[in-house]
Amino acid sequence: MDHFFHIPTELLFGDGIVMKNADKLARLGKRALIVAGKSADANGSLSDIYAALDEKSVAHARVMGPKPNPDQPDVQRIVDAGRDFRADFIVAIGGGSPIDASKVAAALLAQGLNAASLERKPLKDAALPLAAIPTTAGTGTEANSYSIITLENPKRKKTFLTPAMAPRLGLLDPKYTYSLDADQTASTAIDAMAHLVEGYVRTGRTRIGEMLALEGLSRLADCKDALLNKTYDAQARSNLLYAAMIGGVTLAHCRTLAPHQMGYQLTNFRGMPHGQACGVLMASFLDKTRAGCEEQIGKILRALGMNDLGELKAFIAKVLPPHGDYTREELERYAEGSAGDALGKPNPVEMDREMLLNIFVESLIEN
Ligand code: NAP
Ligand code: FE
């Protein structure tokens with residue numbers, strides 16, 4: 001066993017966690033660039049960060065966060081703001097979009113590069129220190145060194161990965177997620193489920209990855225009624241954020257599989273939210289790759305308190321009702337478009353283009 005367990009991020013979770021850790025934030029630097037979208041003004045996260053940085057006399061400037069599914073111009077805006085302010089660390093507040101854009105911006109700033117270079121050359125392993133404060137409960141990006149940025153020509157989502165991009169600190173306060181609406185909550189929760197499921201069934205998984213995945217899935221199981229009824233009390237919000245964080249730690253070890261790569265097509269070309277795009281394909285993916293993960297499917301279903309994949313599919317469809325009509329020709333394009341990335345993943349069985357198409361068709365036409 002060459003590799004057992006390493007995450008370089010200190011994860012702190014609980015009510016009032018930002019103010020309780022002002023000193024840890026201040027240890028990251030003297031000039032903080034805060035990357036935060038509009039939602040951070042309303043959910044209490046931005047005012048807590050201002051208070052914590054002011055208490056420790058850390059200078060700060062705020063740049064607005066990117067649009068969902070950030071692209072190179074979004075990243076460049078953060079890089080420019082960081083250079084203008086001479087930031088020596090970044091505080092990223094929000095969902096996966098601002099945190100991912102900030103991770104790559106932190107690397108570009110440390111390496112004296114601009115976002116245009118993302119098309120051309122791999123990032124070296126250097127980045128400004130980053131604190132991540134998630135306000136959605138889904139991506140788990142606060143807990144790993146991945147960043148997903150949309151590139152043009154051809155339009156695609158590309159994963160950037162370098163250890164230095166892992167946040168130094170992840171500060172998770174469930175109350176920042178209270179303002180998520182029912183659809184955002186559901187889509188991000190199913191994204192977390194996809195991370196846990198894909199991390200669990202991949203080939204080459206580690207024992208610790210398996211333990212993490214089952215722990216996260218059990219917490220999600222506690223939220224099934226909340227997701228179905230679209231009413232979330234403090235316990236449900238806490239469980240969702242915790243499960244998402246565990247999903248992020250799982251991914252730090254296990255990476256995602258074909259459904260994420262396939263889902264990017266639905267997000268890029270249909271605007272389907274990321275979590276829904278991965279979730280809608282999940283049951284069919286597990287069914288088609290069952291030969292390599294029969295035992296794991298049983299354990300996933302037990303952890304979720306479900307009987308079979310039909311129940312999982314029906315649950316996801318109820319939580320995130322499918323919308324839009326698809327033709328076979330369109331799905332053929334998506335199967336082709338995702339094949340390059342999806343087939344190279346450590347999926348439970350060797351997959352081919354035909355399988356990708358069958359999963360798309362079964363999930364989106366024959367549902
Ligand atoms: P998001 O794209 O970051 O945010 C979606 C929307 O939710 C935005 O309009 C945002 O508004 C709003 N929002 C955020 N927090 C809110 C709150 N507490 N209350 C109300 N509204 C809130 O959503 P996400 O699903 O978290 O992130 C998706 C991105 O993460 C995708 O690009 C995906 O590819 C990536 N991802 C990364 C990883 C990874 O490991 N790196 C894993 C999975 C997915 P504002 O803009 O105003 O904040
Ligand atoms: Fe995801």
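The legends below describe close-up views of a predicted model.

**View 1. The iron ion (ligand 2) and its donor residues.** The iron ion (ligand 2) is coordinated by D191 through OD and by H195, H260 and H274 through NE2, at 2.1 to 2.2 Å. The arrangement is irregular because the four donor atoms subtend angles of 81 to 166° around the iron ion (ligand 2), whereas a tetrahedral assignment would need all angles to lie between 85 and 135 degrees. For reference, the ideal angle for four tetrahedral donors at a metal is 109.5 degrees. Along the sequence, the donor residues follow the spacing D-x3-H-x64-H-x13-H.

View 2. The iron ion (ligand 2) has D191 and H260 among its donors. D191 belongs to helix 7 (residues 182–201) and H260 to helix 11 (residues 258–270), so this pair ties together parts that are 69 residues apart in sequence. D191 counts as buried because its relative accessibility is 2%, and H260 is likewise buried, with a relative accessible area of 2%; the cut-off applied to both residues is under 20%.

**View 3. Strand 8 and its two parallel partners.** Strand 8 (residues 169–172) is covered on both faces, with L169 and L171 buried on one side and G170 and L172 buried on the other. Strand 1 (residues 10–13) runs parallel to strand 8 and is joined to strand 8 by four bridges, and within this pairing E10 stands opposite L169. Strand 5 (residues 130–134) also pairs with strand 8 in the parallel sense, over two bridges, and here A132 has G170 as its bridge partner in strand 8.

**View 4. The largest cavity and its lining.** By class, the lining of the largest cavity has seven nonpolar residues, no polar residues and one charged residue.

**View 5. The second largest pocket and its lining.** The second largest pocket has a volume of about 280 Å³. Its lining consists of 14 residues, among which H6, P8, S145, L161 and A252 lie nearest the centre of the pocket. Sorted by class, the residues that line the second largest pocket comprise eight nonpolar, five polar and one charged.

View 6. In sequence I208 and A107 are 101 residues apart, and in space their C-alpha atoms are 29 Å apart. I359 lies in helix 17 (residues 353–364) and counts as buried at 0% relative accessibility. I359 and L309 are separated by 50 residues in sequence and by 14 Å in space, C-alpha to C-alpha.

Terms used
Residues numbered from 1 in each chain as written. Chains lettered and ligands numbered in written order. Predicted model: local features only at pLDDT ≥ 70, side-chain atom pairs only at ≥ 80, totals over all residues. Heavy atoms only, no water. 1 Å grid on protein atoms, 1.4 Å probe; cavity = no way out; pocket = protein on both sides within 12 Å on 5 of 7 lines; lining within 4 Å. Points joined across faces, edges and corners; volume = space filled by probe spheres on them. Nonpolar A, V, L, I, M, F, W, Y, C, P; charged D, E, K, R; others polar. Donors = N, O, S within 2.8 Å, 3.2 Å for Na, K, Ca; no water. Tetrahedral: all angles 85-135°; square planar, octahedral: opposite > 155°, others 65-115°. Buried < 20%, exposed > 50% of the residue type's maximum accessible area, 1.4 Å probe, protein only. Pairing = 2+ DSSP bridges.
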